[in-house]
Amino acid sequence: MFTADEWEVVRLSLKVSAVAVGLTLPVAFALAWLLARGRFHGKVLVDALVHLPLVLPPVVTGWLLLIMFGANGPAGRWLSEWLGLTFMFRWTGAALAAAVMALPLMVRAMRLSIEAVDKRLEDAAATLGASPARVFATITLPLAVPGLLAGAVLGFARSIGEFGATITFVSNIPGETRTLPLAIYGALQVPGGEAQVTRLSLIAVALSLAALVVSEVLVRRSGQGRGNSGSGCHVL
Amino acid sequence: MSFEVRVERRLGERMIRADFAAPGGLTALFGPSGAGKTSVLNMVAGLLKPDEGRVAVGGEVLFDSGAGIDVPVRHRRSGYVFQDGRLFLHRRVRDNLLYGWKLAEPEARWMTLEQATDFLGIGHLLERWPRTLSGGEAQRVAIGRALLSAPRVLLMDEPLASLDAPRREEIMQVIERLRDELALPILYVSHDRSEVDRLASQVIELIG
């Protein structure tokens, strides 16, 4: 039913999204923690910067990535010289674009779940002898887990669907940067490509549905027995 | 074992002051709501920092603004029983009870899990989740969790407030036994005269 090219597109999409979410997870969590609990000057600015990709035209985000991480961009040149990591016209660039676009959604979900953790429980743990690190590991983190998982799945779904920043930043190269939405867009440009568009779109629907179901199941399971399946999981 | 508490703290417009010493037994902090009773308890526990003052339990200084002493909450060994229980909802009753016990120095522990569950009659609840407990059961687990953390003093913040009449009586009896059978000083916050008359060996009145 599906051609080898189409499977290649799906495989690439999953790889790009998995890498994007995997790398963004710790960054998003640290930012969510900072925004939920931190008290510092410039918090509003950090908040705004994190949310920028959510409201900026994706083309602009892609162009900014091009300037920063392109072959002659300051970050791009540094990464290429020191780590041998290049982004131009490569799947790594697609992953970077997906990561940047998924970041705000992930931070939002995680921030809500951290804010929903009852600080009074953290106080109680401290009176029982727990150090701040232990309070975090045994109380805060486990109680925030449903939101963290929901944030990760949401970020994954967003990455699968990423289009504008990707095509601007790393173009539409088969086998490297042609993820699902780019392949659908490409097929639409070709006369007689409707059948392929339909097949690829069905895959996109299936992947998105699967992500939502997985997120729901994860949230339910981690809330089992505690009845706290609400906090910060349904952010959209 | 004894307390010495002399603390002052401004919270917004209010000035919270307390100055008392207690030899042991159950000392009730009594006064209308808003008098700052819970704040005084929090200052003893280290959850709230006094602007000025001194707190000592059993001769050990926990806070002294003059000498620059401020022992962190986790080292104060105060068994705090909160008004709302504050059980850890993601841990079963057993793990709630053992949370502080595991963190205590082995030689400081003075109660085993079995002794605590026998004392409080909660042996049958060990595998339950906190959400499934009744108010009275949850409060007994909260008391057990505090006792097992090897405390030198028990701080109780209106532990009967969220309970119905039969449960109040049940927990009241538990508190009387704590007072009479354990050599553990108790600082007990309440705004209920009858409760204080029945339980307290000493009453400190806080005026709002």
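The radius of gyration is taken over C-alpha atoms, and the globule rule is 2.2 Å times the number of residues to the power 0.38. For 208 residues, a compact globule would have a radius near 17 Å; chain B has 16 Å, which agrees.

This is a predicted model, where local features need pLDDT of at least 70, side-chain atom pairs count only at pLDDT 80 or more, and totals for chains, interfaces and linings use all residues. Residues are numbered from 1 along each chain as its sequence is written, chains are lettered from A, and side-chain values use heavy atoms, without hydrogens and water.

Some totals for chain B follow.

| Item (chain B) | Value |
|---|---|
| Accessible surface (Shrake-Rupley method, 1.4 Å probe) | about 8900 Å² |
| Carbon and sulfur part of that surface | 47% |

Chain B holds 6 helices and 10 strands. These are DSSP runs: helices (H or I) have at least four residues, strands (E) at least two. Contact means heavy atoms within 4.5 Å. Among contacts in chain B between residues at least 6 apart in sequence, 69% join residues at least 24 apart.

Now the sheet. Strands pair through backbone hydrogen bonds, either parallel or antiparallel. Two strands count as paired if DSSP finds at least two bridges between them. In chain B, 5 strands form an open, antiparallel sheet in the order β2-β1-β4-β5-β6. Its edge strands are β2 (14–22) and β6 (69–70) of chain B, each pairing on one side only. Strand β5 (residues 60–64) of chain B meets β6(B) over 2 antiparallel bridges. There, B:Asp64 has B:Ile69 of β6(B) as its bridge partner.
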